[in-house]
Amino acid sequence: MLKCLKKIFNYSLSVFVAISAMAISPSSLLAASSITLKSSGAWFESAYAEWEQYNGASSYNVYYKSSSNDYTQVDNELIRGTRVDIPGLRGDTNYTIKVVPVVSGTEVTSATAQFNVTPATYDRSGYAFFNGMTTGGYNEDGTVKSNANIVYVTDATKDTVQLNGYTGIANILSESARKNDKTPLIVRFIGTINVPKGATSYPENMVKVKAADNVTLEGIGPDANISKWGFCFQRSSNIEVRNLDFYWYPEDAMGFESNCSRIWVHNNTIRTGHQDNPSESDKAHGDGGTDFKYTDYVTVSYNHYDSCAKTSLCGLKENATYRLTFHHNFFDGTGSRTPRVRYFDIHVYNNYYKGVSTYGIGASVNSNIFSENNYFEDTNKPMVISMQGNGGTTFSSENGGTIKAYGNKLVNCTNYLPGTDYYEAASRDQIINFSANKGGSTYNNFDTNASKFYVNDYVLHSADTAKEMVLSYAGRMKGSISDSTTPPDTGDNNGDTDNGDTDNGGTDNGDNNTGDISDCVALGTYDLNKSTIPATECIVNNITFNVRSVESTGVKLRSNNTITFKVASSCTLKIETTGKGVTVSSTDGQINFSGSTSNSVTTEAGSTTMALTAGTYTITGAESGSNTLMTSIAFY
């Protein structure tokens, strides 16, 4: 089954851009007065559409079907105004979707808009799928398990949503709720979710998921945000986390603490954390994006780690060996721990490292790491072993682990020594005898042992192709994908050739691309001070700062300083300033302030709110000779 899924994934990536964002041809519209679709398309095992408001419509019903099956109506929670997102679709399958306006309580079927999409299949590879399967609340083909409970969570309902007598999402995921209930559970987060009631006070703002089995936590669409909190998993198995954006978590975005197994963390965007007054100096930006302790059979794939300080700690003080795979992740301007490893056998392949500042892959204390076909660019210490010496680099005082490397590409990297910081293998299947200088740990060659490793059950790409794939597909759903975007070659680099599959002839009307929102600021409130802004010139949470100075109480601006950001869709901007005001301007967006619309607004000091359309905006100080102190900025 796993080999079959790999073939489906290979095929899907080679065609899904051309057929998943299917265009709306005139023949697919049922009436001249049909709903006008603005965009439609598919992502991995999901579809979406956006349309113009239909005159007189109070709501919309959406239906989908595959082949000759009957239509299934989409849950109302998945329809937000004039957009629908439909998860739980089977990959590599053509679906017909129709949108029907409801006027005065009655469907206007003559105005139905209909279109077709073919979602891609998620890549189910790595240790989470070795000698078993990790699916959470879904089936192996991407559809919802027949007996699964589905819970929808918004910021307004996070503390009132109910399931089986438990109220609030923290209680629904608690040990008391889950330990006797193995029924599959899918929790769908919609929009920005702030800290729910029931989150722990220490570690700060963590929702515990205890004694849970068969659970999927997922974001809906391109704007699902977990704001200033994270998840702590204990004694849980068959767990999937996908399509969420984590930012400003005080501790971990996701921490797997004890006796967890069969874990699949994929297609998430994980940004920097934040603590106002950290008890430990290295926790000012949180303690970890994805940390794993006492956790076995794990796959971490297609995630975008954006400017995380401490990215992923794997292992603590275990005396057992655990298994974990990192593949097709984007380590984008991260600090360290990508990953840092103790007591794990870890396969790290086809990841893209860009601008990693402290170190990349770190091996210590009985770890065995196979680093294969990764792309390291502008990275300091791309691969390093604890206390290796002999001209090698050092990243901790612990005993060393071991790293076998093959097929990696290093571009403009610094501070590394092959043969000391890692062993450069002559072939992928070479059995090596390489030991750490401190501690004497010797590489165990797990990657060549079919009883310990999925030797033939993963799709391997060249480092160059992996970089292209990561840039296209890693992270939370990007909105829509244009037919003009060509997916990278999905053939492997082991001598096999491309399968030659082509698309099914779908056409593009040129109006199905809402644009890439991966560089847009996420909704939320951002405090501006020394603990959150590391320098006067930097990028934090997709906001570019070029400011006069960073103070303990805010950032200082004059008219020649700038704060620049991009918003993906209409939102409200709130700015807090003292001293003087600011000027907000845009060349491609519009600002509604005090009842007037323009592309430039100058405000007085204080609390100021304005509405923005999609576009790129710049904030400057209102005067050249005076300092404006800006203390916070919020998007909602």
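Buried means under 20% relative accessible area. The structure above is a predicted model, and the exercises below use that cut-off where burial is in question.

**Exercise 1. Cysteines**

Solution. 
- Step 1. A disulfide requires two cysteine sulfur atoms within 2.5 Å.
- Step 2. For Cys-232, the closest cysteine sulfur belongs to Cys-260 and lies 8.1 Å away, which is too far for a bond.

**Exercise 2. An open sheet**

Task: Give the strand order of the open sheet of 9 strands, name the strands at its edges, and say which helix packs on the sheet.

Solution. 
- Step 1. The order is E14-E17-E20-E23-E26-E29-E32-E35-E38, and the pairing is parallel.
- Step 2. The edges are strand E14 (192–193) and strand E38 (409–411); each has a single partner strand, so one side of each has no neighbour in the sheet.
- Step 3. Within the sheet, strand E20 (residues 245–247) runs parallel to strand E23 (residues 269–270), and 2 bridges join them. Here Phe-246 is opposite Ile-270 in E23.
- Step 4. The helix is H4 (residues 463–473), which touches strand E29 (330–332), strand E32 (352–354), strand E35 (375–377) and E38. The direction of H4 makes about 75° with that of E35.

**Exercise 3. Strand E7 and its partners**

Task: Work out how strand E7 (residues 95–103) is enclosed and how it pairs with E3, E9 and E8.

Solution. 
- Step 1. Of the 9 residues of E7, 7 are buried, so the strand is largely enclosed by the rest of the structure.
- Step 2. With strand E3 (residues 59–66), E7 forms an antiparallel pair over 8 bridges. In this pair Asn-61 is opposite Val-100 in E7.
- Step 3. With strand E9 (residues 113–117), the pairing is antiparallel over 5 bridges. Val-99 has Ala-113 in E9 as its bridge partner.
- Step 4. Strand E8 (residues 106–107) is antiparallel to E7 and joined to it by 2 bridges. Val-102 is opposite Glu-107 in E8.
- Step 5. E7 and E8 form a hairpin with 2 residues between the strands, where Ser-104 takes a positive phi near 55°.

**Exercise 4. The largest cavity**

Task: Find the volume of the largest cavity and say what lines it.

Solution. 
- Step 1. The whole structure contains 4 cavities of 30 Å³ or more.
- Step 2. The largest cavity holds about 110 Å³ of space.
- Step 3. Its lining has 15 residues, and the closest to the centre are Ser-46, Pro-87, Glu-218, Gly-219 and Asn-243.
- Step 4. Two or more lining residues come from each of strand E6 (83–87) and strand E16 (213–219). E6 gives the largest share, 3 residues.

**Exercise 5. The surroundings of Leu-313**

Task: Locate Leu-313 among the strands and list its contacts beyond four places in sequence.

Solution. 
- Step 1. Leu-313 belongs to strand E27 (residues 313–314).
- Step 2. Its relative accessible area is 8%, so Leu-313 is buried.
- Step 3. The contacts of Leu-313 beyond four places in sequence are Thr-290, Asp-291, Phe-292, Lys-293, Arg-337, Arg-340 and Arg-342.
- Step 4. Arg-337 is 24 residues from Leu-313 along the chain, yet their C-alpha atoms are separated by 6.1 Å.

Notes:
Residues are numbered from 1 along each chain as its sequence is written. This is a predicted model: local features need pLDDT of at least 70, side-chain atom pairs count only at pLDDT 80 or more; totals for chains, interfaces and linings use all residues. Side-chain values use heavy atoms; hydrogens and water are left out. Two strands pair if DSSP finds at least two bridges between them. Helices (H or I, at least four residues) and strands (E, at least two) are DSSP runs, numbered from the N terminus. Contact means heavy atoms within 4.5 Å. Axes are lines fitted to C-alpha atoms, for helices over the stretch in contact, and angles run from 0 to 180 degrees between N-to-C directions. Buried means under 20% relative accessible area, exposed over 50%, partly exposed in between (1.4 Å probe, protein chains only). On a 1 Å grid over the protein atoms alone, a cavity is a set of points where a 1.4 Å probe fits but cannot get out, and a pocket is an open set with protein on both sides within 12 Å along at least five of seven lines; lining residues have an atom within 4 Å of a point. Grid points are joined across faces, edges and corners, and a volume is the space filled by probe spheres set on the points.
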